Amino acid sequence: MATTTAQTTAHLVTPTGGPRRLRPHPDRLLPADPATRAVARELYDGIRDLPIVSPHGHVPAAWLAEDAAFRDPTSLLVTPDHYVTRLMHAQGVPLDRLGVGRGPLSEAESREAFRLLCAGWRTYRGTAVRHWLEHTLAHVLDVDVEPSAATADAVYDQVADRIAAPDLRPRALYDRFGLSVLATTDDPTDDLRHHRALAADPSWRGRVVPTFRPDAYVEVRRSDWPDAVTRLGAVADVDTATYAGWIAAMEARRSYFQEHGATSTDHSHRDARAEPLERSVAERLYARAVAGAVTPDEADALRRDLLFQMARMASEDGLVMTLHPAVARDHHPGTRDRYGADVGADIPVGVEFTDALRPVLGAFGTNPRFQLVVFTIDETVYSRELAPLAGFYPSLYVGAPWWFLDAPEAMTRFRSAVTETTGFTRTAGFVDDTRAFLSIPARHDTARRVDAAYLARLVAEHRLDLDEAHEVAHDLTVVNPREAFRL
Amino acid sequence: MATTTAQTTAHLVTPTGGPRRLRPHPDRLLPADPATRAVARELYDGIRDLPIVSPHGHVPAAWLAEDAAFRDPTSLLVTPDHYVTRLMHAQGVPLDRLGVGRGPLSEAESREAFRLLCAGWRTYRGTAVRHWLEHTLAHVLDVDVEPSAATADAVYDQVADRIAAPDLRPRALYDRFGLSVLATTDDPTDDLRHHRALAADPSWRGRVVPTFRPDAYVEVRRSDWPDAVTRLGAVADVDTATYAGWIAAMEARRSYFQEHGATSTDHSHRDARAEPLERSVAERLYARAVAGAVTPDEADALRRDLLFQMARMASEDGLVMTLHPAVARDHHPGTRDRYGADVGADIPVGVEFTDALRPVLGAFGTNPRFQLVVFTIDETVYSRELAPLAGFYPSLYVGAPWWFLDAPEAMTRFRSAVTETTGFTRTAGFVDDTRAFLSIPARHDTARRVDAAYLARLVAEHRLDLDEAHEVAHDLTVVNPREAFRL
Amino acid sequence: MATTTAQTTAHLVTPTGGPRRLRPHPDRLLPADPATRAVARELYDGIRDLPIVSPHGHVPAAWLAEDAAFRDPTSLLVTPDHYVTRLMHAQGVPLDRLGVGRGPLSEAESREAFRLLCAGWRTYRGTAVRHWLEHTLAHVLDVDVEPSAATADAVYDQVADRIAAPDLRPRALYDRFGLSVLATTDDPTDDLRHHRALAADPSWRGRVVPTFRPDAYVEVRRSDWPDAVTRLGAVADVDTATYAGWIAAMEARRSYFQEHGATSTDHSHRDARAEPLERSVAERLYARAVAGAVTPDEADALRRDLLFQMARMASEDGLVMTLHPAVARDHHPGTRDRYGADVGADIPVGVEFTDALRPVLGAFGTNPRFQLVVFTIDETVYSRELAPLAGFYPSLYVGAPWWFLDAPEAMTRFRSAVTETTGFTRTAGFVDDTRAFLSIPARHDTARRVDAAYLARLVAEHRLDLDEAHEVAHDLTVVNPREAFRL
């Protein structure tokens, strides 16, 4: 009891002196008002056990193709999940102590990293990560004590023990989670061998589809762009030294992905603009880019043309186009230099859609073959731009709140800002967008609770009838995502 | 029961198998918490039957001057209401099937268009349009079954039957709705014959006032601008080939409108900027505009000067200036080309007021003759700009949430974001801004319920006393709009 | 009963005909739902009487050093508080009638100004100011009738009577308010004599610390900048005609402040950008600025370099850097010319942090010596930029909602937007930022109630356990601000 920390946390044990139990409450995230909660509980019960449709995420297909046991608790739950590591980093924990940017950890290092998470458990209070971790630990890994400095080793042992069991292998979890489809995110030059292996495996009854993510081939300013287009040309067997070659190669690879089950492409650039150039201008800029002589403004113009070409291809081949724009990647240079990309140092910036999407929507917005799902981390566009756009264009769906916004209150704000203008039918349903496979049920469960809570309020305020709310809850869970992503 | 749609909608019939009743709940939109609801109900009861002040909208004065029966359900409820048609369009229904851009529909076509609305009823779940349509159908047109594919013809017949009755003529509805004043929106060259006819009619006891809307004469870049200023000159009997002529003609027409009851002018441009040019510069740019030789930047500069001149005139003649800025009009070129303007393809863009209004407020902001009501579809400016501005400048009122934001939760967010900084006295009250005459009571009723609900929460949280809340509710309904619009 | 005002306010008296009582409800600002309120009340009870940590504000140190009685009710409660005067101004009351920009008022003038406040009491309904004034009047000044035209003189007398008593002197109030530390805001050239006097006074047991606010020396475009840097050089005994001199003088004055107890510096510019120039460029621009020959763009570049230098110094001397950016100062020129600065005519503008802070965070963001607290009046950056930044960088704290956002619902929106991404540990706690000394307990009490209400909802929704909520409430009140400001 000598330190401040001890004093402030001393009461956080059970009266009997044992560690606190980890027992996610059955009514968590449902509204406090008793009558509204009763409706929310009924609505949630109606969708809780529906299949999980996961149309966008970052789980490796290899996990399911190979179906190997997970290695250890830290490499499963901590190291690869930047939602988890970034908050530790904000508390002053260097990322390498959590295993980031390193090879496999020793048993001692893995334990130590896991202990940092457990000891810092209070950091996650009030966050979405806390819900996901609790749900994962309690419902997937059968942990029943709250993580803390004192329980860290016991929790580690419990997790290690569980993931050694056959029912914790990826395919068993796919079934247990009730996944009906899981989309991966893949490079256009990927040969999709793991997807092919799954397709060829008679013992596999699930569905894992690739997603075409060509950003590296569109960002002509990136230092690795020349190598990327060369690789693209090689894989597609087309000379990509010309604009026409780039177009042909992309069309070929889209076709390849589509043959292997892809239903969508994904695009993430600094802004959402996509505008065609005159063909001759595009060809000239492309040649300059290949020669390494493009200016920043020219690079932006060419990128926006290439993205427009992607929309044009989508209007022809029917792959759904999804946009995740406006993130400042690798905000901290020191972290990028030491740890690389995707380690939690990406920060959103403001975004604009009304003008940015005008050329694409002008060209393809009422084309029944074209479908566009737009995501944002900038909430200001919900009521101002996305709902009005989706409430007019039959091609445009509003994506679920994404990344920093895939949390209970943020999702509620999303529904509040979008529904009154555009209803429920124009929203794409929940997208987990995660590389943390074990957290998929937790994330979808959170979304289902939030939708149930929102709908319950509409019912309690006599804005929607209960039977209608049941139907909407069902559609948001399994119908809208299939429609929006053409699954 | 063979199709998915049938399966998901099959339970949406009453247990007896008949169609669902259309019965808007008396407590709709009031808070779920029982104690708060009781206060809200009391507050709502106190304002429910107050007269409707409608200081800004788009109902044609001819309807009241001529007092003819409405033609048919579709041309009354569907075709002209872009709130209704845009959501149908987003479901893939071409606008012409709803009557947009066509002459009068045949009986069969009208029925078919109405059937599309009824069959797509689920599209409107959770939207503001649903409230308005339900209220209109149930309380104005005595429809008691919910629209659906199955009930479409019966509902159509019921509506057709009702609008044939004398008590559904425009003047009878004006009385029945409890309208105390209705503002129209009019071109500066309009001779206001319908307003004059009403004024001259001894049997007419209502009040319909024109609003001066000079956008077409201010947007010097528009292709129809030369014709517009020529027409303006002809009507005002002034040579508008010069800047001085434009000013004189505008002053003359404002005066004409004021003589015919106008109390406000309305302005909607891409941004809210209004800044004076040197007189010689303005004259030179105007001459270039007349010659068709103005650059885009010059056109913007001239537009902002002309808008500033409007503010200057307002500070002299006392017409209230209202701004509805920052909408990308006719976002979809194909729709504009085929159907024209105002068919639901306008999309908001971000707006800025702090800098944009600085010249006008610097010049006239504390001038007691000057009054400005500012509207927005960009919620970000509520707490950041509009509430701080209205909490300092005695000339500036914050307009009600407009267009896409005139919905229950959006209006609640408006009150939440504005009230704590600037209180209630600086808000202009509800503006229906509609061309759907029959929806006026529904829209004002929604606003009254929302204000009652918001005030009830303040009372329940002991932030306001009940008697104060009654007074505020009363003022927001009938006092604030009269003050803000000088009615 | 002859006038409208009389009619609408006539019922706002008690049934017995006496004036309305002023009795702030014990449960004010707590949620209406009974179960949630019970939790909120318990949480609030746990923090209500904790010491007040006031790490940023504008109370003059002289008040505590000299400990003189307050002069009169108006100069204490009305004239210096722009929160109060700006809403009166918006009602058409000229600021000079409230004492702004004038010397001491006569007794009659002071009474008259106070009467304007009381007569306009309804203006404050729903605002944060109303809470603060009620709390101050009732709990600090023992006023028990509601201010109104009828009670103005009685309230004035009561206040005048109370402030004449010894227990209403500044030092007695410091104790009574439970202040544990109070930060002032000071010019870098200030000799801090009042802080020194307090330090040297054995009868003074409180803690008043200065804050280093160098804006006037950084805004090289301001007309008073040449005089300012000359003064700075004189006080620091350094030649500030060169860039090197400016740097040396600033370092010297920061050191002086630190020796006198300062733990932070404060910075408020039009934007939040801070970026280093090449040393030779900075020196050249500085020389041009001294010569009065700097262009606006150069002045911006130099300002951003000087602010970056401040961050660099902070990373070395450990003074916490705080930013309060993006306000259009003196929005109304006529008011500035007549009344000067800080009279309520400052209006927020949009702000951007992700790009603006990149150079500073790239250089010092993971430096344990560097600490940055970022404030905003633009709510759009909460979830989009500030929470993501604070959830990664260990140096960055999100400041409490500031200025127009330090109100109950705005603070709730702040918690809702920030917590899910970054938890509670990265928020800086409440900052009153006030020059109204008597309102300090009211403002902190409001923040405590709002935090209790927010946490209670998390508990009621089973998102946080009650014991955790107690701990978080305690930390937000007294731990986080001490950590964030290194107090």
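How many salt bridges does the rule find across the interface of chain B and chain A? In this predicted model, local features need pLDDT of at least 70 and side-chain atom pairs count only at pLDDT 80 or more, while totals for chains, interfaces and linings use all residues. Residues are numbered from 1 along each chain as its sequence is written, chains are lettered from A in the order in which they are written, and side-chain values use heavy atoms, with hydrogens and water left out.

The rule finds 12 salt bridges across the interface of chain B and chain A, a salt bridge being a side-chain nitrogen of Lys or Arg within 4 Å of a carboxyl oxygen of Asp or Glu. In one of them, the side chains of B:Arg20 and A:Asp465 meet with an N to O distance of 2.6 Å. Between chain B and chain A, 33 residue pairs are in polar contact, both residues at pLDDT 80 or more. A polar contact is a pair of N or O atoms within 3.5 Å; within protein, one must be able to donate a hydrogen and the other to accept it, and residues adjacent in sequence count only if both atoms are side-chain atoms.

On the side of chain B that touches chain A, at least two residues each come from α1 (4–9), α2 (34–47), α5 (82–90), α7 (128–140), α16 (333–339), β7 (347–348) and α19 (408–422). These elements are DSSP runs numbered from the N terminus, helices being H or I with at least four residues and strands E with at least two. By class, this side of chain B has 21 nonpolar, 17 polar and 17 charged residues. Ala, Val, Leu, Ile, Met, Phe, Trp, Tyr, Cys and Pro count as nonpolar, Asp, Glu, Lys and Arg as charged, and the others, Gly among them, as polar.

The contact (heavy atoms within 4.5 Å) takes 55 residues from chain B and 44 residues from chain A. The area buried between the two chains is about 4,100 Å², and carbon and sulfur atoms give 49% of it; buried area is the accessible area (1.4 Å probe) that two parts lose on being put together, summed over both. Of the area that chain B buries against chain A, B:Arg125, B:His331 and B:Glu409 supply 18%, more than any other three residues.

The copies use different surfaces, as 4% of the contact residues of chain B recur in chain A.

Against chain C, 44 residues of chain B are in contact with 54 residues of chain C. The buried area here is about 4,000 Å², 49% of it from carbon and sulfur atoms. B:Phe392, B:Glu420 and B:Glu471 supply 19% of the area that chain B buries against chain C, more than any other three residues. The rule finds 12 salt bridges across this interface, including that of B:Glu468 with C:Arg125, whose closest N and O atoms are 3.4 Å apart. The side of chain B that touches chain C draws at least two residues from each of α17 (358–364), α18 (381–390), α19, α20 (440–460) and α21 (466–484).
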